[in-house]
Amino acid sequence: MADEIVELNAGTDDLIIVGIQRRGVQLAARIVSSIADREKAKVPLGALDITLYRDDLQTVGPRPVVGPTDIPADVDGRAVVIVDDVLYTGRTVRAALDELADFGRPKRIALAVLIDRGGRELPIQPDIVGKRVECAPGQRIDVLVEELDERDAVVLSDREESA
Amino acid sequence: MSGAAAAPLGKDLLGLEPLTAEQITLILDTAEPFKEISERAIKKVPTLRGATIVNLFFEASTRTRISFEFAEKRLSADTVNVASTGSSVQKGETLVDTARNLEAMRIDMVVIRHGASGAAQFLADRIESNVINAGDGTHEHPTQGLLDLLTLRDHFKRLDGLKVCIVGDVLHSRVARSNIWGLKKVGAHVAVCGPRSLLPNAIDELDVEVFDRVEDAIDWADALNVLRLQLERMQAGYIPSLREYNRVFGVSRERLERAPRDVVILHPGPMNRGVEIDSDVADGPFSVILDQVTNGVAIRMAVLYLLSGGRPELAEAAKSGGR
């Protein structure tokens, strides 16, 4: 995926990689270190918490916990790649696009996801996909990362429980 | 998605006395990410879009009212300010009637500052909107207490075991009460220091240490929260003169330099320089007074966020909650 991002951007100039809280941030960090290994280039890494931009905030029960947002560099005129673990309805990405717009006007925004499970509710498509997985609406798919979950895995389960 | 909040706050924020340590910690933790929003070029998130908040201020206030207003606006709420002067309150309308009339215009939250202790509770019991106490009489000023806690936690990286002494007019101070209750719940040690005429008679019931000499308080404390000497108290005969108050209880650089450790200085404002606090202390290296003001906006954003919305009957309907 790191190679694809560099290829998509025709190099690492002006590139900023932004992970969506929470698992997207760890994946983004791995992409940045992978680019550092292969291209000998240091790409800025950011984190975005989209909780305050969710379109269902007025209806969810207790307020969700808000994580940190940290955009390390000016995004104006740069190429931003948003990284998330699973792409499903597209609503998180919609929120991330809105939030990024409050930080400036990137030259281009691309979307890279590890898993695309289909089931979009908005006209949003990824530019780079690790793996496409067909998933029924009742199923859930979770990406586990070693930093938070002690192992790397993608777990498909039948129950739709709240995370 | 992020996990659900563990300890929701309920409908209103009336004081720190009724809160648990977990609820206080939740508010402080929630305030952290809100600090960053005020550093952005566009200092605004859409979280409270469409919510209407009334700031009902029956007493003079600059800092608190503006801080609430910034917090509301940075969350995209619509705000209306009502002051007692120039409103129908002057024509004799009661507090409940004022609030019910506002509620009839479909508001969502009320932030109230009132001279009578218990006014916020009184209102909260009678209207459906969320009520946030922005200071009621000599009772509580919970968001000030919370921002003091956040400022101390930022500086010391902990609150448990911290020694904080509140210096000055504890008797008339709602800030003192919110601090005492809030700090004790999160495990800090609390003391008060001031002339006995400005300490409550029932100070023993608050279970805090009492220092009669400010030098002893400075010896003991990690941080001092210096309260404003409300100047109108002098006329009422609580203290002989401002000069004498400054000589005996004033926090001066000379006194702080004799302390065994660096003592961090808080003040809720507005300051009387040269009375309860000397200028070289207020502007000195251990003053976190302006950090308190910055943190005030983040704390109020966190409280607004945590109290707003969250209507459980709609939560069921919207359980699609996908990525």
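User: Before we start, where do domain bounds come from here?
Analyst: Domain bounds come from an automatic or database domain assignment. This is a predicted model, where local features need pLDDT of at least 70, side-chain atom pairs count only at pLDDT 80 or more, and totals for chains, interfaces and linings use all residues. Residues are numbered from 1 along each chain as its sequence is written, while chains are lettered from A and ligands numbered from 1 in the order in which they are written.

User: Okay, which domains does chain B have?
Analyst: The assignment gives chain B domain 1 (21–141 + 295–312) and domain 2 (142–293). Their C-alpha centres are 26 Å apart.

User: And how many residues does each give to the contact?
Analyst: Domain 1 of chain B gives 21 residues and domain 2 of chain B gives 23. Two residues are in contact if their C-beta atoms, placed from the backbone, lie within 7 Å.

User: Which element gives the largest share of the domain 1 side?
Analyst: That is α1(B), with six residues. Helices (H or I, at least four residues) and strands (E, at least two) are DSSP runs, numbered from the N terminus.

User: Switching topic, what pLDDT does chain B average?
Analyst: Chain B averages 90, and 93% of the residues score at least 70. pLDDT is the predictor's confidence in each residue, from 0 to 100.

User: Where does pLDDT stay under 50?
Analyst: Residues 1–7 of chain B are one such stretch, with 24 contacts beyond four places in sequence in the model. Residues 310–323 of chain B are also below 50.

User: And what are the ipTM and pTM?
Analyst: The model scores ipTM 0.82 and pTM 0.89.
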